[in-house]
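Dear colleague,

Please find below the structure that I am handing over to you. My findings follow directly after it.

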Amino acid sequence: LPACQDSQLFIKDRHFDGIPVRIYLPRKPSTSKRRGVIFIHGGCGIFGSISKELKEKIICRYITRKSDSVVVSVGYHLAPEHKYPAQTLECLTATVHFLKTAETYGVDPTRIIVCGDSVGGTFSTSVCQELGHRTDIPKIRAQVLIYPFLQALDFNLPSHQKNAAVAFLSRERTVHFILKYLNKDCSLKEPILAGSHVPESISLKYRKWINPDLIPDVFKLGYKRPLPTLFLPQVHEEVQELFEPWFSPLLAEDAVVCGLPDTCIVTCEHDVLRDEGLLYKKRLEDNNIRVTWHHIEKGFH
């Protein structure tokens, strides 16, 4: 679909190093360089686009108008036709291109944030982790993560139990979409839900970061620790991608996390992914990253 008209905005379709993007620019002239926003849409990596998703167009227009910023919405290609990690790499490519060419669009390259919802939050996190220590391009000013997906080791955290059957993104559908995204056999869903894909060595290694004990008690009402499960090596071998920081950004080492920019995290009470945001918030704060946290008590994914 062609970029639609807007009386307050210029809306242009472009390609950044081969990656489709839609750029939203305020029509009103500015006396100084504007802020920039890289927006990465959600959709489990298998749904959505910059041209067909009404929600994304509304969000991008809203951000552009309210913050007087230039917004670049990234049209990464979808899985499973474009195999993981193509989506992360394309978001990274588009972000680097914008950082290098920001002034072309009247944007201050030192005032660019990366923002995404759901898996868009995952890609945003991965982009910021990848660029955190680079010195050849301007630094990302901040990241905004809206109910992001951040780990695939433990699907029995308190928010998974509490919101297991909540509409739109149930606990079961979360793993189903993960397997679809990675083009894996969906028969792996049940053992992954049970945790049979995680060997004890990995579980112990990452317990310092992915652990219900790290979640505030107010979010653990009614939580029951799951019974020990049998490790299945064949399942583990099938889903090696789940243990990569690009897929599960919560697994990134502290040396990476300490290089991240200021962060805003949005969590929703009625969301299976709530606790991942809470755990990442703690990790960032433990590494002296400034975090702004918004929790929506009546919100859902």
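Axes are lines fitted to C-alpha atoms, for helices over the stretch in contact, and angles run from 0 to 180 degrees between N-to-C directions. Please note that this is a predicted model.

Two packed helices are described by the angle between their axes and the distance between the axes. Here, helix H2 (residues 86-101) packs against helix H3 (residues 119-131) at about 60°, and their axes are 9 Å apart. H2 is therefore oblique to H3. The crossing in which H2 passes H3 is right-handed. On the H2 side, the contact involves Gln87, Thr88, Cys91, Leu92, Thr95, Val96 and Leu99, which meet Phe123, Ser126, Val127, Glu130 and Leu131 of H3. By class, seven residues of this contact are nonpolar, four are polar and one is charged.

The model also contains an open sheet of eight strands with mixed pairing, in the order E1-E2-E4-E3-E5-E6-E7-E8. From one strand to the next, the twist averages 20°. Within the sheet, E3 (residues 34-40) and E4 (residues 69-74) pair in the parallel sense over six bridges, and Gly36 stands opposite Val70 in E4.

H3 lies across E3, E5 (107-117) and E6 (142-146), and runs at about 140° to E5. Helix H10 (residues 274-286) also packs on the sheet, where it touches E6, E7 (262-270) and E8; the direction of H10 makes about 150° with that of E7.

Finally, an unreviewed UniProt entry carries the annotation "domain: Alpha/beta hydrolase fold-3" for residues 37-192 and 241-301.

Yours sincerely

Conventions:
Residues numbered from 1 in each chain as written. Predicted model: local features only at pLDDT ≥ 70, side-chain atom pairs only at ≥ 80, totals over all residues. Heavy atoms only, no water. UniProt positions renumbered as here; feature names shortened; annotations may be inferred. Helix = DSSP H or I, 4+ residues; strand = E, 2+ residues; numbered from the N terminus. Parallel < 35°, antiparallel > 145°, perpendicular 65-115°, else oblique. Left-handed = near helix turned anticlockwise from the far one by under 90°. Contact = heavy atoms within 4.5 Å. Nonpolar A, V, L, I, M, F, W, Y, C, P; charged D, E, K, R; others polar. Pairing = 2+ DSSP bridges.
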